[in-house]
Amino acid sequence: MRVGVIDIGTNSTRYLLAEVGPQVVNRVETALKTTRLGEGLVATGRLSEQAMARTAAAVAEFWRRAQMMGAKRIIAVATCAVREAANREDFLTLIRRATGLEVRILSGTEEAFYTFGGAMTGLAFAPDETVVIDIGGGSTEIIWVEKGRLMARSLPLGAVRLTEQGGGAETVAHVLAPVASKITGRRIIGTGGTITTLAAVALALPAYDPARVHGYELQAEEVVVLGARLAALSLEERRNVPGLQPERADVILAGIQILTVLLELTGAPGLTVSEHDLLYGVAAEAVDAVERKLNHRP
């Protein structure tokens, strides 16, 4: 089945069109727009009219694209920013009027579940020896399997949130430490904009290449070096760094700080970058749900 998935995040709105079958998600095309839906949310508790308008425009564009490309199902999900906003119903109504889509607001646990499932696709690692981390705009998801049970923590740390709130390594460590102690010794798989961008910068990619980013081994020392290199540049200079999207240049340092502290707390030598994430997990479940219905399974 050809499935389109739209993920409405705090910093960006992302799109995946995939051919999906049992345990297989093959990407047809992807796209991303930096829409900053969560801009100002920390201070006001509300989504701004401008942020909602530009995000709705991106969702409508991806929706039309998925239709044109023959998607049999189009699913829109939203995460931290919409989850926390006092005026989220205004935003959901805006999307409904523009596209007819009913956006599903994922809980922190659901977000973690789909992120773990998506990140593991295409990587041959044992789930019970792995932890998946996703540094988003508004939150950081940390997911692992313990005694056959999926464990998840959604922490109020994200590249946009930390940039707007401020706070140094001690603040970040205070939030991360209780979870870091539970995942020490596991192989880390990293996904989300901060981590995939770091891989692209490390590879000096003139244009983003998902195939080269997926599976890249990002060393802890490399994260520190890249962070220092980017911190030494002005905002305008960062916007011209190969592999770094200009729209992410103002929040990338906060994202790197979260990753750096997490690697220090766990003592991990590095991480494996996964270009697959929540989008892939949602797409896979969409087909599984259809299969269950066709075969009259619960």
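These legends walk you through close-up views of a few helices in a predicted model. Residues are numbered from 1 along each chain as its sequence is written. Local features need pLDDT of at least 70 and side-chain atom pairs count only at pLDDT 80 or more, while totals for chains, interfaces and linings use all residues, and side-chain values use heavy atoms, leaving out hydrogens and water.

View 1. Helix 4 covers residues 88-99 (helices are DSSP runs of H or I with at least four residues, strands of E with at least two, numbered from the N terminus). Its 12 residues reach 17 Å from first C-alpha to last, close to the 16 Å expected at 1.5 Å a residue (1.5 Å times one less than the number of residues). F91, L92, I95 and T99 are buried here (under 20% relative accessible area, with a 1.4 Å probe and protein chains only). Seen down the axis of helix 4, the buried residues fall within an arc of 100°, so they line one face (the arc is taken from the directions from the helix axis to the C-beta atoms).

**View 2. Helix 2 against helix 4.** These helices pack at about 35°, with axes 10 Å apart (axes are lines fitted to C-alpha atoms over the stretch in contact, and angles run from 0 to 180 degrees between N-to-C directions). On the helix 2 side, look for residues including M52, V59 and W63; among their partners in helix 4 are F91, L94 and I95 (contact means heavy atoms within 4.5 Å).

**View 3. Helix 7 and helix 12.** The axes of helix 7 (residues 169-183) and helix 12 (residues 252-266) come within 9 Å and cross at roughly 45°. The contact includes V172 and L176 of helix 7 and I258 and L262 of helix 12.

Notes. Buried means under 20% relative accessible area, exposed over 50%, partly exposed in between (1.4 Å probe, protein chains only).
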